[in-house]
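Please take a look at the structure shown here. We will walk through it together, starting with the whole chain and ending with single side chains.

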Amino acid sequence: MPSVHSSPGYSMENPALASLLRHTTGENKRSNKLSSGGGLLKMLKLFPMLSSGCKMVALLGRPRKMLKDSATTGTIFGYRKGRVSLAIQEDTRQMPVFLIELPMLASALNKEMASDIVRIALESETKSNKKKLLEEYVWAVYCNGRKVGYSIRRKQMSDDELHVMQHLRGVSMGAGVLPTSSDHKDCDGEMTYMRARFERVVGSKDSEAFYMINPDSTAQGPELSIFFVRPH
């Protein structure tokens, strides 16, 4: 597995990925005058308003295909002092269709949320025409245009990941703290999670996007988008 590294000034290497990230740049511009650490609180305040009635934001112009049930559940979770993981589920009572530990600490993601617009992009490092996009294995990870490292998609869940998925089986959206063993709490802090519904847009067999649903267009809060792209 490639080593994990952080490079704040890293430029986008793939034109398609850069285009994906620029897509939402001009939409709903907001002020970034926020206090440090306030981004997470603003994100959490959105959850009571989340529903499946949000309008969809198009990816790459006109999508070729929209899934019949396009609302998907996304969960970002991890220990306060550790890295965060991303799980995507079509049904919260079933195993994730995509699960990966991101090369980002929870504290770093919290700082990114303070910017109001959070765009996480994953660019496949493995290319197979026989696999679906989310079945690719090795990913380069970007956050708000900066490359933060590499990750490998989980084929099997760890005990901690299984613990989170089991506890959140009946949760469609929300945020909070999950009970953990005292050993983990002492070393890594509490296990926190943030779960929301996402609009899933398929641009092609090589590009998909997930936009966090917020039905109240007048609400002031961070926007979270997750992009997947596979270079040709």
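This is a predicted model: local features need pLDDT of at least 70, side-chain atom pairs count only at pLDDT 80 or more; totals for chains, interfaces and linings use all residues.

What follows moves from the overall fold to the nonpolar cores and then to the aromatic rings.

The protein chain has 5 helices and 10 strands. Of its 232 residues, 47% are buried. Among contacts with a separation of 6 or more, 65% join residues 24 or more positions apart.

Now let us go inside. In soluble globular proteins, nonpolar side chains tend to be buried together. Here the largest nonpolar core has 28 residues, and the members that touch the most others are Leu-122 and Phe-228. Several elements give two or more residues to this core, including helix 3 (106–113), strand 4 (117–124), strand 5 (138–143) and strand 10 (223–229). The most comes from strand 3, with 4 residues.

Leaving aside neighbours within four places in sequence, Leu-122 is in contact with Phe-98, Ile-100 and Leu-102, with Trp-139, Ala-140 and Val-141, and with Ile-226, Phe-227, Phe-228 and Val-229. Apart from this core lies another one of 10 residues, with Phe-77, Ala-87, Leu-99 and Met-165 among them.

Which aromatic rings come together in one cluster? They are Phe-98, Trp-139, Phe-210 and Phe-228. The whole structure holds 5 aromatic pairs. In one of them, the ring centres of Phe-98 and Trp-139 are 5.8 Å apart and the planes stand at 90°, so this pair is edge-to-face. Phe-98 belongs to strand 3 and Trp-139 to strand 5, 41 residues apart, so the pair links distant parts of the chain.

Phe-98 also pairs with Phe-228, again edge-to-face, with 5.0 Å centre to centre and 80° between the planes. Because Phe-98 lies in strand 3 and Phe-228 in strand 10, this pair ties together parts that are 130 residues apart in sequence.

The charged end of Lys-155 sits over the ring of Tyr-137, 4.9 Å from the ring centre.

Notes:
Residues are numbered from 1 along each chain as its sequence is written. Side-chain values use heavy atoms; hydrogens and water are left out. Buried means under 20% relative accessible area, exposed over 50%, partly exposed in between (1.4 Å probe, protein chains only). Contact means heavy atoms within 4.5 Å. A nonpolar core is a set of buried Ala, Val, Leu, Ile, Met, Phe, Trp, Tyr and Cys residues joined through side-chain atoms within 4.5 Å. Rings of Phe, Tyr and Trp (its six-membered ring) pair if their centres lie within 6.5 Å; planes under 30 degrees apart count as stacked, over 60 as edge-to-face and the rest as tilted. A charge sits over a ring if NZ of Lys or CZ of Arg is within 6 Å of the ring centre and within 35 degrees of the ring normal.
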